Amino acid sequence: SVTVTVTTTAPASTRAGVYAHCAGLGHPPVSDPPPTLATMTWPGTVCDPVDDSDLPEVTAEVEVTNEADFAVTATHPAAPVNPGDTTTIPVGITNVGPSDASTPVTVRSTLPAGVTFVSGSSPWNCTATGQDVECTWVPAPLGAVNEGPPAALFPVGATAPQLVLEVATAKPATVGFYDVTVTASSATPDSTPAGDSATARI
């Protein structure tokens, strides 16, 4: 008998799911480890990595999970804002991995009393309900991913287009500071959410 260990690295773009690892044995000398030809197949496809059907094949299943950690920044100029004036808060989002993130990427913020939403920059799509603001962004599809359908992913190491939130202060308003916190997320899990939020002080 021969024990074969099949090692396959899943690309960052691999979607979560159960995959079949396949290996076909060649005909090496008995004293040498047998070479393998390994593939990763999309769930539901046929696992047949070798052309010679006479060669023995082995199949094992592995579950792939995705995780994407976001690094979020939010800034505001140091200059004070007069009551009733508008001002902008640039928001930056980077996917630090280890997986590509599914989209849309969503940024949410509950504005403090005394601050109202005016607009969000393109290509983000922003809406507001009362003090709750939600902005979404979907990149162009990257094409087929691991034999699956075309997907719009937020790749590891990529930075989303800057989101510029325009807000207005109330008039009259209490002189002081307003803290605006933004939080970014996607459907891809993140076990380290501490960096998903950032606060800008007006």
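View 1. Strands (DSSP E runs of at least two residues) are numbered from the N terminus, and two strands count as paired if DSSP finds at least two bridges between them. Thr106 is placed opposite Ser185 in strand 13. This is a predicted model, in which local features need pLDDT of at least 70 and side-chain atom pairs count only at pLDDT 80 or more, while totals for chains, interfaces and linings use all residues. Residues are numbered from 1 along each chain as its sequence is written, and side-chain values use heavy atoms, with hydrogens and water left out.

View 2. Strand 9 (residues 125–129) pairs with strand 10 (residues 132–137) in the antiparallel sense over five bridges. Two residues separate these strands in the hairpin, and Gly130 in the turn has a positive phi of about 65 degrees. Thr127 has Glu134 of strand 10 as its bridge partner. Cys126 and Cys135 form a disulfide with their sulfur atoms 2.1 Å apart; the criterion is a pair of cysteine sulfur atoms within 2.5 Å. The link of Cys126 and Cys135 is right-handed, with 115 degrees about the S-S bond. By this rule, the count comes to one disulfide. Cys126 counts as buried at 17% relative accessibility, and Cys135 counts as buried at 1%. Buried means under 20% relative accessible area, exposed over 50%, and partly exposed in between (1.4 Å probe, protein chains only).

View 3. Strand 8 and strand 12 run antiparallel and are joined by five bridges. Leu165 in strand 12 is the bridge partner of Gly120.

**View 4. The largest nonpolar core.** This core has 29 residues, and Phe70, Ile89, Ile93 and Trp124 have the most contacts inside it. A nonpolar core is a set of buried Ala, Val, Leu, Ile, Met, Phe, Trp, Tyr and Cys residues joined through side-chain atoms within 4.5 Å. Strand 4 gives the most to this core, with four residues. Leaving aside neighbours within four places in sequence, Ile93 is in contact (heavy atoms within 4.5 Å) with residues including Phe70, Val72, Val105, Trp124, Phe154 and Ala184.

**View 5. Confidence along the chain.** The chain averages a pLDDT (the predictor's confidence in each residue, from 0 to 100) of 77, and 61% of the residues score at least 70. Over residues 26–45 the pLDDT stays under 50, and the model has 48 contacts beyond four places in sequence for this stretch. Residues 144–150 also have a pLDDT below 50, with 22 contacts in the model beyond near neighbours in sequence. Where pLDDT is low, the predicted coordinates should not be read in detail.
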